[in-house]
Amino acid sequence: MDLFADFLIELIKHFNNFILYYVIFINTVYTLLFFVSIRALYIDRQKKKYWSYDEMVASSYTPPLSIIVPCFNEGKTIVNNVKALLSLEYSEFQLVIVNDGSKDTTLEQLIQELKLTKIDMPYRKKINTKEIKAIYRSSIFENIVVVDKENGGKADALNAGINISEYPIITAIDADSIIERDSLAKVIRPFVEDPTVIVSGGVVRPVNDCVVDKGFIESVNLSKNNLVRFQTVEYLRAFLFGRLGWGSLNALLIVSGAFGVFRKSVVIEAGGYTEDTIGEDMELVVKIHRKMIESKTPYKIVFVPDPVCWTQVPEDKKTLKSQRKRWQKGLMDSLFNHKKMLFNPKYGVVGLLAMPYYFFVEMLGAVIEVLGYLSFIVSFWLGIISLEFFLLFLAVSVLYGVFLSSSAILLDEYNFSKYEDVSEYLLLMIFSVLENFGYRQLNAWWRFTAFFEYKRHNKSWGDMSRTEFSPDNSRSTELDN
């Protein structure tokens with residue numbers, strides 16, 4: 001019995017040492033990403049001085065693009081969102097709306113409001129999809145095409161839209177997302193500046209409690225919901241540090257499905273969006289990386305730091321839990337599908353830096369964090385570590401997390417100043433501290449359980465409780481997608 005107790009204590013000591021080195025490792029990575037992101041933001045500010053978005057939109061070098069909008073049971077908001085997309089500041093674009101077998105009035109609303117007529121439209125089925133039942137064209141907006149198809153999931157709907165799309169550049173926008181009038185100009189800019197750019201993604205931010213009128217943001221407000229405030233801090237940190245940093249290294253592995261721009265030919269060569277996965281967004285980007293590197297084709301996948309897209313985020317723990325578990329499983333899907341790239345020098349920065357980061361930090365991070373909490377509690381109870389050491393380690397971990405979050409908030413205020421009232425930024429600073437005491441641990445637990453619940457080949461759209469937008473933001477209606 002004593003031998004077993006001694007073995008257990010030694011095991012706990014070794015695990016505690018591992019936790020210490022792990023924390024040092026991830027904080028080093030975060031620090032490097034922090035400096036890379038600062039440099040990228042500076043370069044972006046310099047570019048804007050010499051070529052404004054207005055000039056770019058008017059330029060003959062700006063390519064036409066097809067906007068693909070997959071929708072499932074979006075009857076409450078689809079018409080206003082389509083009208084908002086039609087008002088975007090862009091010289092030439094096509095709108096392809098894909099109705100993925102909605103069971104509500106989505107299609108009927110579109111037919112009535114857009115004066116749709118059924119057409120026989122020839123197209124190449126370069127990516128296999130579920131059967132397309134009908135194709136419609138608007139009689140009042142010549143650049144709108146509506147595709148009605150059998151339900152096959154979001155990835156299948158996107159692939160159908162790609163098949164129908166006419167232009168060489170495509171962007172996928174969620175039907176419930178709100179994008180700013182100059183959003184397309186912002187994310188297409190890298191394509192104009194550099195012919196090797198094949199994917200461009202932008203910042204996504206919570207729209208909850210913002211004033212939305214006819215599909216456009218009229219006033220940006222910080223949500224009154226504490227859960228949304230925590231997520232706002234997360235989004236700022238993830239986009240302004242994580243994705244901006246990896247994008248600068250040409251090792252970005254995920255472009256948000258809410259708003260990303262792709263060269264269509266590259267998407268088709270990669271096989272389109274994968275259907276039997278939960279995280280089709282990350283899966284497509286990783287496939288593109290792999291395809292381009294294996295074919296030895298020069299390419300760039302970039303990230304645009306401007307806030308260009310607004311989306312509703314969960315306002316209750318049940319929905320947030322479902323979302324985070326789905327994200328974790330989607331991450332695992334992509335990493336396991338492309339495990340060949342992990343630590344493989346053939347794939348350069350992607351294989352040697354990005355894939356290990358997502359594997360050891362993003363995928364295993366929650367497991368290590370939860371086990372670390374348990375180990376330190378047991379260690380303190382057994383007298384392996386002192387209270388002073390425990391509190392010091394906790395303080396250092398929390399303070400560094402607060403530093404990163406606060407830096408992201410300050411950078412957002414300096415570069416974009418979306419919130420008019422400075423008090424809202426100060427409130428976000430407070431929540432960047434509070435998230436370390438409960439919210440972070442709750443997220444870690446959800447991801448921990450998702451790790452052990454993981455099963456492959458799930459292509460559900462997923463459930464998300466959303467509210468119908470209104471000018472005064474007072475009406476609330478639950479929607480499912």
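These notebook entries record what I looked up in a predicted model of a single chain.

**Ground rules.** I number residues from 1 along the chain as its sequence is written, and I leave hydrogens and water out, taking side-chain values from heavy atoms. Since I am working from a predicted model, local features need pLDDT of at least 70 and side-chain atom pairs count only at pLDDT 80 or more, whereas totals for chains, interfaces and linings use all residues.

**Confidence.** I looked up pLDDT (the predictor's confidence in each residue, from 0 to 100), and found that the chain averages 87, with 92% of the residues scoring at least 70. Over residues 473–481 the pLDDT stays under 50, and for this stretch the model has 27 contacts (heavy atoms within 4.5 Å) beyond four places in sequence.

**The second largest pocket.** I took a pocket to be an open set of points on a 1 Å grid over the protein atoms alone, where a 1.4 Å probe fits, with protein on both sides within 12 Å along at least five of seven lines; lining residues have an atom within 4 Å of a point. The volume, which is the space filled by probe spheres set on grid points joined across faces, edges and corners, is about 550 Å³ for the second largest pocket. I noted 23 lining residues, of which Ile43, Lys47, Gly247, Val302 and Phe303 lie nearest the centre. For helices (H or I, at least four residues) and strands (E, at least two) I used DSSP runs numbered from the N terminus. Helix 1 (2–50), helix 6 (183–193), helix 7 (226–248) and strand 12 (300–311) each supply at least two lining residues, and strand 12 gives the most, with 6 residues. I sorted the lining into 12 nonpolar residues (Ala, Val, Leu, Ile, Met, Phe, Trp, Tyr, Cys and Pro), 8 charged (Asp, Glu, Lys and Arg) and 3 polar (the others, Gly among them).

**Salt bridges.** With a salt bridge defined as a side-chain nitrogen of Lys or Arg within 4 Å of a carboxyl oxygen of Asp or Glu, I have a count of 20. Aspartate 100 and lysine 149 meet in one of them, at 2.6 Å from N to O. This pair links distant parts of the chain, with aspartate 100 in strand 2 (residues 93–100) and lysine 149 in strand 5 (residues 144–149), 49 residues apart. For burial I used relative accessible area from a 1.4 Å probe on protein chains only (buried under 20%, exposed over 50%, partly exposed in between), and both aspartate 100 and lysine 149 are buried.

I next looked at lysine 186 and glutamate 180, whose closest N and O atoms are 3.4 Å apart in a salt bridge. Lysine 186 counts as buried because its relative accessibility is 7%, and glutamate 180 counts as buried at 13%. Glu180 and Lys186 also belong to a network of salt bridges with Asp182 and Lys418.

**Two residues followed up.** Aspartate 156 lies in helix 5 (residues 154–164) and is buried, with a relative accessible area of 1%. Beyond four places in sequence, aspartate 156 is in contact with Asn128, Thr129, Lys130, Lys149 and Glu275.

Phenylalanine 34 is in helix 1 and is buried at 12%. Leaving aside residues up to four places away, I found phenylalanine 34 touching Phe241, Phe403 and Ser407. The C-alpha atoms of phenylalanine 34 and leucine 404 are separated by 7.9 Å, although these residues are 370 apart along the chain.
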